[in-house]
Amino acid sequence: MEWLELAMTAAPVLMTGVGYTLLFAVSAMVLGLTLGFAVALVRIAQVPLLSQLAALYVSLMRGTPLLVQIFVIYYGLPSVGIEFEPVTAGILALTLNVAAYLSESLRGAMAGIERGQWDAALSLGLGWWPAVRFVIAPQAVRLAVPSLANSLISLIKDTSLVSVITVSELMMVTKDLIAQTFQPLPLYLMAAAIYWVLSALFEQVQQRVERHFGHAHAR
C-alpha cells in the first residue's frame, strides 16, 4: 500500500520528467537523422576534405562516451566563450552523438544498394543528387530501418545522461523524489518502467514502418 501511495504522489512529477525526456529524444532524433543523412552523403560522395572530416567526426563521436561529450559541451566550451543553456546543450550532445551512428547505418545501407541501381538512374539522365534522392535513398532507408530504430530506441535511454547538467528529465526528477522520500527502490523501478514503456512504444513505431516499407517493396 505504501508503494501505491508513493506512486500516486510521484506520478505527476515523473510525468513532468517524461515531457523533458521526450523533448530531448524527439529533437535529437529529428536533428540526428538530418545530420546523419548529410554526413552519410558526404562520405558516399567522397567529397575531398569534407569526407575525411566527416569520418573523423564519426570516429570521435563513436569512440568517446556520451557522458564525456555532454561534459565537454556544457562545462568545457564556456571556457572558450561558447555557452549553452542546459536544454540546448543536452539536445546538441545527443544529436551529435546519435547522428554519428545513424550516418553509419545510412552509409552502409546506401553502399549495399546494387551498382546497377546507380547505373540505371544515371542512364536515365539523373544527376548524382537526384539519383540518390529518388532511387538510392528510398531503398537505403528500407534496408536501414532496423539499425536506425535500434539507435533511436537507445537514444531514449541515453537521455538519462543529461541529468548530469541539471536538466529536469525523468532521471533527474527521480533522484529529486528519492532525496525527498528516501525510497530509492520503488522510484527507480518506476523510472525503469517508464523508460521501458517509451522504448516499447518506439518499437511499435519501428514495426509499423517496417511493414509499410515491406508492403511498398512487395508491390
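Modeller: Let's take Ser160, which is buried, with a relative accessible area of 18%. Buried here means under 20% relative accessible area, exposed means over 50%, and partly exposed is in between, using a 1.4 Å probe and protein chains only. Before going on, a word on what you're looking at: this is a predicted model, where local features need pLDDT of at least 70 and side-chain atom pairs count only at pLDDT 80 or more, while totals for chains, interfaces and linings use all residues. Residues are numbered from 1 along each chain as its sequence is written, and side-chain values use heavy atoms, with hydrogens and water left out.

Ser160 sits in the loop between helix 6 (128–158) and helix 7 (170–181). Helices are DSSP runs of H or I with at least four residues, strands are E runs of at least two, and both are numbered from the N terminus. Leaving aside residues up to four places away in sequence, the contacts of Ser160 are Glu169, Met171 and Tyr195. A contact means heavy atoms within 4.5 Å.

Thr166 also belongs to the loop between helix 6 and helix 7. Its backbone is worth a look: phi of Thr166 is near 60°, a positive value in a residue other than glycine. Most residues other than glycine have a negative phi. Gln46 is another case, with a positive phi of about 55° although it is not a glycine. Gln46 is found in the loop between helix 1 and helix 2 (50–63), and at 62% relative accessibility it counts as exposed.

Now for the nonpolar packing. A nonpolar core is a set of buried Ala, Val, Leu, Ile, Met, Phe, Trp, Tyr and Cys residues joined through side-chain atoms within 4.5 Å. The largest one has 51 residues, and Leu14, Leu94, Met110, Val162, Ile165, Leu170 and Leu187 touch the most other members. At least two residues of this core come from each of helix 1 (2–45), helix 3 (66–76), helix 4 (86–111), helix 5 (115–123), helix 6, helix 7 and helix 8 (184–218). Helix 6 gives the largest share, eleven residues. Apart from this core lies another, of seven residues, among them Ala54, Tyr57, Val58 and Met61. Going back to Leu14, its contacts are Leu170, Val173, Thr174, Leu177, Met190 and Ile194, not counting residues up to four places away in sequence.

Next stop, Arg43, which lies in helix 1. Arg43 is partly exposed, at a relative accessible area of 21%. Beyond residues up to four places away in sequence, Arg43 touches Ser51, Ala54, Ala55, Val58, Glu104 and Arg107.

Thr95 itself lies in helix 4 and is buried, with a relative accessible area of 7%. With residues up to four places away in sequence set aside, it touches Ser27, Ala28, Leu31, Gly32 and Tyr57.

Now step back to the whole chain. Its secondary structure comes to eight helices and zero strands. The C-alpha atoms fill a box of roughly 70 × 50 × 20 Å, taken along the principal axes. Buried residues make up 38% of the 219 residues. Among contacts between residues at least 6 apart in sequence, 75% join residues at least 24 apart.

Last, the record. An unreviewed UniProt entry carries the annotation "domain: ABC transmembrane type-1" over residues 18–206. UniProt positions are given in the numbering used here, feature names are shortened, and annotations may be inferred rather than shown by experiment. In the model, residues 18–206 are 81% helix and 0% strand, with the end C-alpha atoms 20 Å apart. The unreviewed entry also gives "transmembrane region" for residues 20–42, 54–75 and 185–202. Residues 20–42 are 100% helix and 0% strand, and the end C-alpha atoms are 32 Å apart. For residues 54–75 the values are 91% helix and 0% strand, with 25 Å between the end C-alpha atoms.
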